[in-house]
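Here are some notes for a colleague who is seeing this model for the first time. They are set out as numbered points.

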Amino acid sequence: MLILTEKPSVAKDFAKALGCHYSSADKCYKNNSGSVFITNCVGHLFQLEDPVFYNPEFKSWKKLPIIPEEFHYHVTSELKDAAKVVVSLLKRYKSDEILIATDADREGEIIARECLKAAGISDFSKITRFWVSQALTPEVINDGIKQAKALGLYSNLADQGFARQHSDWLVGINGTRFITNKAGSLFPIGRVQTSILSAISERCEKIDNFKPEKYFEITGSFNPPNGGSVKGILINPNGETKQKDDSLLVALKPFVNSRLNLDELKSEKREILPPQLYSLNDLQKDAFRYFNYSADKTLKLVQKLYEEYKCVSYPRTPSKVMGSQNVQLCRDLYQKFMRISPEYFVLHPYFVIDEKDKRIFNDAKLEAHHAIIPLDKLPASATGDEENIYSLILERFMLAFAPGYKYEKHTAKVSVGGHLFKIEGRKVIDEGWQKFRRFTRVLKEKEADSEEIQDLDNIDWHNLTLGSVDSVQKWTKPPKHFNEASILAFMENPKGESEDKKLCGLGTPATRHTFIPKLEKSKYIEVKNKNIYITDTGKRLLKIVLESPLSAIADVGETTRWEENLAQNPLGFETEIKSFIRSSMCSKGGSDE
């Protein structure tokens, strides 16, 4: 059997699990009997050919469109030695059993298929697929090999990967040449990055054009007969708290020390459930919030925790849930960490790990990999940055199975002199997961919501008097600039849809961290004090794009629709992109040829 992995570290894990040693003669791992060989890629060993491969005339950037009938690949120059080994072994063992063990995602699938194509292998009847998202311990590897399925079952995933790869090449190559011809200087564009730039531009424009408006909030202090006071805010008949001026303050002054009428009293029990397990996107957002780490830095740190330390699960995941088959795994891990990390778990004496909890165990929402979870103790040699990321993952795992934060929300409406005040408060019934969270070393989060917490128990609402009134002048605020956390949230959910449905975002969890550095490198944006600003160069690019037949690539809605089509019909998606390029390049103002 020949096993193909995506990375050298994974090949080493397989070798350890299967009792193999490195053979200098074969330039791969093998067992003593010569029945198992393990080789590895180093990411993508092959890349798409340049335009001139298809037609020497494409050396001129004026010659458009460039739409190959069939895409071809060449060896990535710095990886030619690794590619030579992989291809030669695949050719040698193409009649034997082959196990594909590249990463269990769309990218890993096409990395393997590129190698098979280079080796001339089109018969997949003897090829199986290792599909595991856990850290690769010997037990996990051996079990995954036993559970391997026919490679053909993953063909739709491969179709998605190649469709995305080909379409990004088509848009990037044709679009960059087209816009550069228009501008007279180099302007790189991309199918996803240009729509992200458009969203950043729109946000910056809203902020620049924002005109603050003054308003007032009038508050009251109310005194129960048994002492103390509670706070409330004056509301309009429509329930708004914003007043156009503070004239009502004067009207209310004569009613100080007057008894109020109780118009409405509500009490409602509420529960705030603990946060779900981490997806990569959520981990990157929290790492930025707590530690100011870029998305790229966070990915590198968690990748090391996974690959080298083997203390967390596969990180490049969009899932916030586990599969139904992972219930016992979570129970075992929870007991394990109660022993080895008591500083996190000692205040959590009770927890519920139940397959009925669809917020944690949900096959319908499980994608290529389950959520990021801790698997083992962090090595003492880990850096402070690595410990920070590990601590976030460990704490989130602990909190996910903790009880909810339960409270009673009290809302009263009282009136005096025809003016209505709203008083809100709450009574905490059980702090639940929030109590456990505050114990940990991870930075504190904000309260679960922004409601003011005041105790409204035992208030004699029929004997409440107005103690004082006050007015606060405020100004409406513009939207906030994007930062690394909020732009990731936007890419994950550009339509602002409910998370109850499957979201279709921009890019993938494995690539979203790359777009901000790309836009910075092209000088389309700049990051100042954590905020993202569009530059004059970025504005110029968007102006040219929006006035061209390529305007759709600057439309977030259209890009999102393409992403949905890619998932549902990858071949149709690629056909649509080709048609879009062809019509754009051949329309008025298109190719100069």
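1. His-21 stands opposite Lys-30 in S3. S2 and strand S3 (residues 28-30) are antiparallel and share three bridges; two strands count as paired if DSSP finds at least two bridges between them. Helices (H or I, at least four residues) and strands (E, at least two) are DSSP runs, numbered from the N terminus. The loop between S2 and S3 holds Lys-27, whose phi is near 60 degrees, a positive value in a residue other than glycine. Most residues other than glycine have a negative phi.

2. This is a predicted model, in which local features need pLDDT of at least 70 and side-chain atom pairs count only at pLDDT 80 or more, while totals for chains, interfaces and linings use all residues. Residues are numbered from 1 along each chain as its sequence is written, and side-chain values use heavy atoms, with hydrogens and water left out.

3. The S2-S3 pair belongs to an open sheet of seven strands with mixed pairing, in the order S2-S3-S4-S1-S7-S8-S9. Strand S2 (21-23) and strand S9 (149-150) are its edge strands, each pairing on one side only.

4. Contact means heavy atoms within 4.5 Å. Axes are lines fitted to C-alpha atoms, for helices over the stretch in contact, and angles run from 0 to 180 degrees between N-to-C directions.

5. A further open sheet has six strands, paired antiparallel in the order S12-S13-S14-S11-S10-S15. Strand S12 (261-272) and strand S15 (465-475) each have a single partner strand, so one side of each is left without a neighbour in the sheet. On average, neighbouring strands here are turned by 25 degrees against each other, direction ignored. Strand S10 (residues 214-223) runs antiparallel to S15 and is joined to S15 by ten bridges; Phe-216 stands opposite Gln-473 in S15.

6. How do helix H9 and helix H10 cross? The axes of H9 (residues 280-291) and H10 (residues 295-307) come within 9 Å and cross at roughly 115 degrees. In H9, Leu-280, Leu-283, Gln-284 and Ala-287 meet Ala-295, Thr-298, Leu-299 and Val-302 in H10.

7. The structure holds two cavities of 30 Å³ or more. On a 1 Å grid over the protein atoms alone, a cavity is a set of points where a 1.4 Å probe fits but cannot get out, and a pocket is an open set with protein on both sides within 12 Å along at least five of seven lines; lining residues have an atom within 4 Å of a point. Grid points are joined across faces, edges and corners, and a volume is the space filled by probe spheres set on the points. The largest cavity has a volume of about 70 Å³, and its lining includes Val-10, Asp-103, Phe-130, Val-132 and Tyr-306.

8. The second largest pocket holds about 590 Å³ of space. Of its 20 lining residues, Trp-131, Val-132, Ser-133, Gln-134 and Gln-325 are the closest to its centre. Helix H5 (residues 138-146) gives the most to this lining, with three residues.

9. The peptide bond from Leu-64 to Pro-65 is cis, with omega near 0 degrees. Pro-65 is in the loop between helix H2 (51-54) and strand S6 (73-75).
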